[in-house]
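Please look at the structure first.

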Amino acid sequence: MFDLMNVRTLSLISSIISIILSLCMLYVSKTRKTYKGFAQWTAASILYTIGLGLLCTRTILPDLISIIAANTIIIAGSGFIAHGLELFTNTPKKTGYFIFITISMIVLFIYFTYFHPSINSRIIIISAIIIFYYIYSAFIVYKYVPCMIKTNNTFLVAVFIIQSVWLLIRIIQTLSIESVLMDFMNAPIFQSITVIVFFCGNILTTVGLIVLNFQRVEFDWTTAMAEVKTLRGLIPICSSCKKIRDDKGIWNQIEIYIRNHSDAEFTHGICPDCVKKLYPDFAKDMKK
């Protein structure tokens, strides 16, 4: 029987939930309007699925797969979320930094797995890197999203901040309170709660990103509607000079009124009847 608070069991459950979230992201990307960055968020959800799935194979598969590859993939998922937000908001890209962080993590994990085994050190490293990605993502959403869609997404900012605070507590707890861990799969309850926080945060982050995409869809639609001017209802027009009275009671030339109330532009010419009336000699010459 599974121990529901066991890290292995929780990682497996989290991986299954990530599969569902990935399918939701794929469905939205195929059936709804999405923007730059959404593909990266979808990839992040898929990476979380793979990473968490590999994580629960600890002691079953080699450490290269269940420790180094699993955590690298999870880190890459967090990086993809941040990079997707960069693309979404058209902010400067930090791809080089992301690659450097990932390579550094791989090197450190190899060292603390094979040369100086230390679960505590690995916990601190991965927690610190994820905190960096979450804080950076929260910064992008807080600073640049309002500039783009004229509204905030405080929900997504709060999700990133809360997860970062928890991971910071995890680092402090690992450094000052928790004894040296010998088996992460049977770690104390605090580490199990951390896995729960992670997959709950994963759910909320996915929801927040989908909402963010729809916020932009709504903004673009509202903006487009505001820019489209149409002529509707009864239009008061002079039966003699054909000027039109606007809402302020001012009589305007018909072309001015239409130009102000639509996207139409005018080019001027003269019809055959007016040519006969205004330029009779020219009209006779044209007939000849």
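A crossing is called left-handed if the near helix is turned anticlockwise from the far one by less than a right angle, and right-handed if clockwise. Helices are DSSP runs of H or I with at least four residues, numbered from the N terminus. The model is predicted, so local features need pLDDT of at least 70 and side-chain atom pairs pLDDT 80 or more, while totals for chains, interfaces and linings use all residues. Residues are numbered from 1 along each chain as its sequence is written, and side-chain values use heavy atoms, without hydrogens and water.

**Helix packing**

The crossing of H4 and H5 is left-handed. Their axes (lines fitted to C-alpha atoms over the stretch in contact, with angles from 0 to 180 degrees between N-to-C directions) lie 9 Å apart at an angle of about 165 degrees. H4 and H5 are therefore roughly antiparallel, a term for angles over 145 degrees, while those under 35 count as roughly parallel. In contact (heavy atoms within 4.5 Å) are, among others, Phe-98, Met-105 and Phe-112 of H4 and Ile-125, Ile-129 and Phe-132 of H5. This contact has 12 nonpolar, 3 polar and 1 charged residues. Nonpolar here means Ala, Val, Leu, Ile, Met, Phe, Trp, Tyr, Cys and Pro; charged means Asp, Glu, Lys and Arg; the others, Gly among them, are polar.

H3 and H5 have axes that come within 9 Å and cross at roughly 10 degrees. These two helices are therefore roughly parallel to each other. Their contact includes Ile-67, Ile-74 and Leu-85 of H3 and Ile-126, Ile-130 and Ile-140 of H5. It divides into 14 nonpolar, 5 polar and 2 charged residues.

**Pockets**

A pocket is an open set of points on a 1 Å grid where a 1.4 Å probe fits, with protein on both sides within 12 Å along at least five of seven lines; lining residues have an atom within 4 Å of a point. A volume is the space filled by probe spheres set on the points.

| Pocket | Volume | Lining residues by class |
|---|---|---|
| Largest | about 220 Å³ | 8 nonpolar, 3 polar, 4 charged |

The largest pocket has a volume of about 220 Å³, and the closest to its centre of its 15 lining residues are Pro-117, Ile-119, Arg-122, Leu-181 and Met-182. H3 (63-89), H4 (95-115) and H5 (119-143) each give two or more residues to that lining.

Residues lining the second largest pocket include Phe-80, His-83, Phe-98 and Tyr-133. H3 provides the largest share of this lining, 5 residues.

Key. Angles under 35 degrees count as roughly parallel, over 145 as roughly antiparallel, 65 to 115 as roughly perpendicular and the rest as oblique.
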